[in-house]
Amino acid sequence: MNYCIVQLHSQTACFRNPEFFNYHKSFPVPPPTTVMGMAGAAMGMAPKQAQDYFSDEAWELGAYCRTQGHAN
């Protein structure tokens with residue numbers, strides 16, 4: 001099995017939960033679809049190509065988040 005470790009840093013980030021329409025509740029870490037999109041973009045793929053690639057390939061995702069605070 002091949003592994004790829006990627007570290008991302010940001011001053012702010014919002015990973016909106018699509019189940020909430022009025023109040024924009026956010027996930028603390030990016031959901032798998034966001035990670036697929038970022039990985040596909042890093043590999044130079046169009047969004048549909050990335051979606052097809054990750055749908056066809058067996059892969060696992062783990063996420064670790066460290067933050068200095070949350071806001072409402």
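**Salt bridge, aromatic pair and surface of a predicted model**

Guide: Start with K48 and D52: their side chains form a salt bridge, 3.0 Å from N to O. The term means a side-chain nitrogen of Lys or Arg within 4 Å of a carboxyl oxygen of Asp or Glu. This is a predicted model, where local features need pLDDT of at least 70, side-chain atom pairs count only at pLDDT 80 or more, and totals for chains, interfaces and linings use all residues. Residues are numbered from 1 along each chain as its sequence is written, and side-chain values use heavy atoms, with hydrogens and water left out.

Visitor: How many salt bridges does the whole structure hold?

Guide: One. In general, side chains of opposite charge can pair when their charged atoms come close.

Visitor: Where do K48 and D52 sit relative to each other?

Guide: Both are in helix α2, four residues apart, so about one helical turn separates them. Helices (H or I, at least four residues) and strands (E, at least two) are DSSP runs, numbered from the N terminus.

Visitor: And K48, buried or exposed?

Guide: K48 is exposed, at 52% relative accessible area. D52 is partly exposed, at 32%. Buried means under 20%, exposed over 50%, and partly exposed in between, with a 1.4 Å probe and protein chains only.

Visitor: New topic. How many aromatic pairs?

Guide: One. The ring centres of Y53 and F54 lie 5.0 Å apart and the planes meet at 85°, so the pair is edge-to-face. Rings of Phe, Tyr and Trp (its six-membered ring) pair if their centres lie within 6.5 Å; planes under 30 degrees apart are stacked, over 60 edge-to-face, the rest tilted.

Visitor: Which is buried, then?

Guide: F54, with 13% relative accessible area. Y53 is partly exposed at 35%.

Visitor: What does M45 touch?

Guide: Beyond neighbours within four places in sequence, M45 contacts G40, A50 and Y53. Contact means heavy atoms within 4.5 Å. M45 lies in the loop between α1 (32-42) and α2 (47-56). Its relative accessibility is 23%, so M45 counts as partly exposed.

Visitor: What's the overall layout?

Guide: The pattern along the sequence is β-β-α-α. Of the 72 residues, 11% are buried.

Visitor: Which residues form the nonpolar surface patch?

Guide: V6, L8 and M38, with about 300 Å² of accessible area together. Patches take residues with over 30% relative accessible area and no salt bridge; like charges join within 9 Å, nonpolar side chains (Val, Leu, Ile, Met, Phe, Trp, Tyr) within 5 Å. Areas come from the Shrake-Rupley method with a 1.4 Å probe; for residues, only the protein chains shown count as cover. M38 is in helix α1.
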